[in-house]
Amino acid sequence: MTTELTAAFQAKVRASDCLVWIGATNNQGYGVIVVEGKHHLAHRVAFAAEFGPIADGYVIDHLCRVRNCVNPMHLEAVTTAENNRRGRRARGLAVGDTCNNGHVIGEGDLYERSSGATECQHCRRSCNHSGKDRKRSTTQRRAPRVLDDLEAAARAG
Ligand SMILES: [Zn+2]
Ligand SMILES: [Zn+2]
């Protein structure tokens, strides 16, 4: 890379960097700062310093999902309802996502728990399988999942 390009590159990277709070954090992982003897959430202080006071009924949402980030550019004032909605979405998968085990999530591949969190149907099924097998047979059958996979493959043709 040329020096110019490096500089341009770094400028862009820095612009989106999280400013990670290294001071005290509360039990939820948010940065805490003491101002005039009172505890404040560091990211709220950072937001107010950049954009002005936070309106009543609004909470500060981390767009970057890094709880101890205090970069005002990563923060947005949203209503509590909107924040909860985003929190739910962030906890789960959506159609088009790839789960931790590499399954591409299509329509019908999502399982929604009562909590609103979503998970991969494929992973959930294999998880239930191994749980059941462990209970039913401790010694006899050692490879039930392989058999299931072969069966599934045969069925799929
Ligand atoms: Zn951030
Ligand atoms: Zn999966």
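Tutor: Let us begin with the contacts of one side chain, bearing in mind that the model is predicted. Leaving aside residues up to four places away in sequence, His-43 touches Tyr-30, Ile-60, His-62, Arg-67, Cys-69, Val-70 and Leu-75.

Student: Is His-43 buried or exposed?

Tutor: His-43 belongs to helix 2, which spans residues 42–51. The threshold for burial is a relative accessible area under 20%, and His-43 has a relative accessibility of 4%, so the residue counts as buried.

Student: How do Cys-18 and Cys-69 stand in terms of accessibility?

Tutor: With a relative accessible area of 0%, Cys-69 is buried. Cys-18 has a relative accessibility of 28%, and because this value lies between the limits of 20% and 50%, Cys-18 counts as partly exposed.

Student: What is the arrangement of the 4 donor atoms around the zinc ion (ligand 2)?

Tutor: The donors here are Cys-99 (SG), His-103 (ND1), Cys-120 (SG) and Cys-123 (SG), at 1.9 to 2.3 Å. The ideal angle for four tetrahedral donors is 109.5 degrees. Around the zinc ion (ligand 2) the angles run from 106 to 116°, and the arrangement is therefore tetrahedral.

Student: Where in the chain do Cys-99 and Cys-123 lie?

Tutor: The donors of this second site, that of the zinc ion (ligand 2), follow the spacing C-x3-H-x16-C-x2-C. Cys-99 and Cys-123, 24 residues apart, link distant parts of the chain, and both are buried. Cys-99 sits in the loop between helix 3 (80–91) and strand 5, and Cys-123 in helix 4 (residues 121–136).

Student: Is Glu-112 buried or exposed?

Tutor: Glu-112 is part of strand 5 (residues 110–112), and, apart from residues up to four places away in sequence, it touches Ala-117 and Thr-118. Its relative accessible area is 55%, which is over the 50% limit, so Glu-112 is exposed.

Methods: Residues are numbered from 1 along each chain as its sequence is written. Chains are lettered from A and ligands numbered from 1 in the order in which they are written. This is a predicted model: local features need pLDDT of at least 70, side-chain atom pairs count only at pLDDT 80 or more; totals for chains, interfaces and linings use all residues. Side-chain values use heavy atoms; hydrogens and water are left out. Buried means under 20% relative accessible area, exposed over 50%, partly exposed in between (1.4 Å probe, protein chains only). Helices (H or I, at least four residues) and strands (E, at least two) are DSSP runs, numbered from the N terminus. Contact means heavy atoms within 4.5 Å. Donors are N, O and S atoms within 2.8 Å of the metal (3.2 Å for Na, K and Ca); water is not among the atoms, so sites may look incomplete. Four donors count as tetrahedral if all angles lie between 85 and 135 degrees; four count as square planar and six as octahedral if opposite donors are over 155 degrees apart and all others between 65 and 115; anything else is irregular.
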